[in-house]
Amino acid sequence: MGVRVNKYIASSGFCSRREADRLVEAGKVTVDGIIAVNGTVVEEGSSVCVDGLEVFPEETHIYIALHKPLGITCTTDRRDPTNIIDYIGLDDRIFPIGRLDKNSSGLILLTNDGDIVNKLLRAEHGHEKEYQVRVEQRIGREFKEKMEAGVYLKDLERKTLPCTVKVTNPHTFNIILKQGLNRQIRRMCDELGYRVTKLRRVRFMNIELGDLPYGEHRILTASEIRKLKDSTK
């Protein structure tokens, strides 16, 4: 259920509810880029801005999609100069959902909703993650079949779960995983004699990277958040 925009702004500490009404009447408030009016309802996941500055009530959960660039580490340890939290630059205490290794780019989700982080990371849910991968060697005829059947990783002494692979050209393929072992795709390719030269995540469950610019982030839409939460029930 949503809340009226004046209450939403007031709960952020930006100003009183009465002053929020005046800001709305002056056309200085937008909800998802649309100028608000008195009575506008803010749904969870919506972006509310006052004079172009986004505001967040303390009790509101934040859900962010980041196009992670190369060289950024998915850690909350601020002692690491490449940590993802300082890169995002928000004051809120947020956490990455899962991880992408430092040498990979693409979609990573971050939130201050610890409950959904725990639920989404449970392996038994089998949530899909899709990647675009480039390898140094020319892809052979048996590559797709071997990857999809699961690859035995000698260093982990276990076989990966079946997955879906689509070869897109002699050196690139898309892969959809339902598990998240550390550096899994690179390990799978190494076992089959291929060296990964580029890896980018393009989808996490129902959230797609789309045309989100490299290095930039956005707030998830209310619809995206609902689908994420529905998947954990």
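Strands, numbered from the N terminus, are DSSP runs of E with at least two residues. The model shown in these close-up views is predicted.

**View 1. S104 in the loop between β8 and β9.** The loop that holds S104 lies between strand β8 (95-97) and strand β9 (105-111). S104 has a relative accessible area of 1%, so this residue is buried. Apart from neighbours within four places in sequence, the contacts of S104 are K68, P69, L70, R186 and L199.

**View 2. E130 in strand β10.** Strand β10 covers residues 129-135 and includes E130. The relative accessibility of E130 is 17%, and E130 therefore counts as buried, the cut-off being under 20%. When residues up to four places away in sequence are not counted, E130 touches N174, I175 and I176, and also R200, R201, V202 and R203.

View 3. Helix α2 spans residues 17-25, and its buried residues are A20, L23 and V24. These residues lie on the same side of α2 because they cover an arc of only 100° around the axis. An α-helix has 3.6 residues a turn, so residues three or four places apart point the same way. R18 and E25 are exposed on the other side of α2.

How values were computed. Residues are numbered from 1 along each chain as its sequence is written. This is a predicted model: local features need pLDDT of at least 70, side-chain atom pairs count only at pLDDT 80 or more; totals for chains, interfaces and linings use all residues. Side-chain values use heavy atoms; hydrogens and water are left out. Helices (H or I, at least four residues) and strands (E, at least two) are DSSP runs, numbered from the N terminus. Buried means under 20% relative accessible area, exposed over 50%, partly exposed in between (1.4 Å probe, protein chains only). Contact means heavy atoms within 4.5 Å. The arc is that of the directions from the helix axis to the C-beta atoms.
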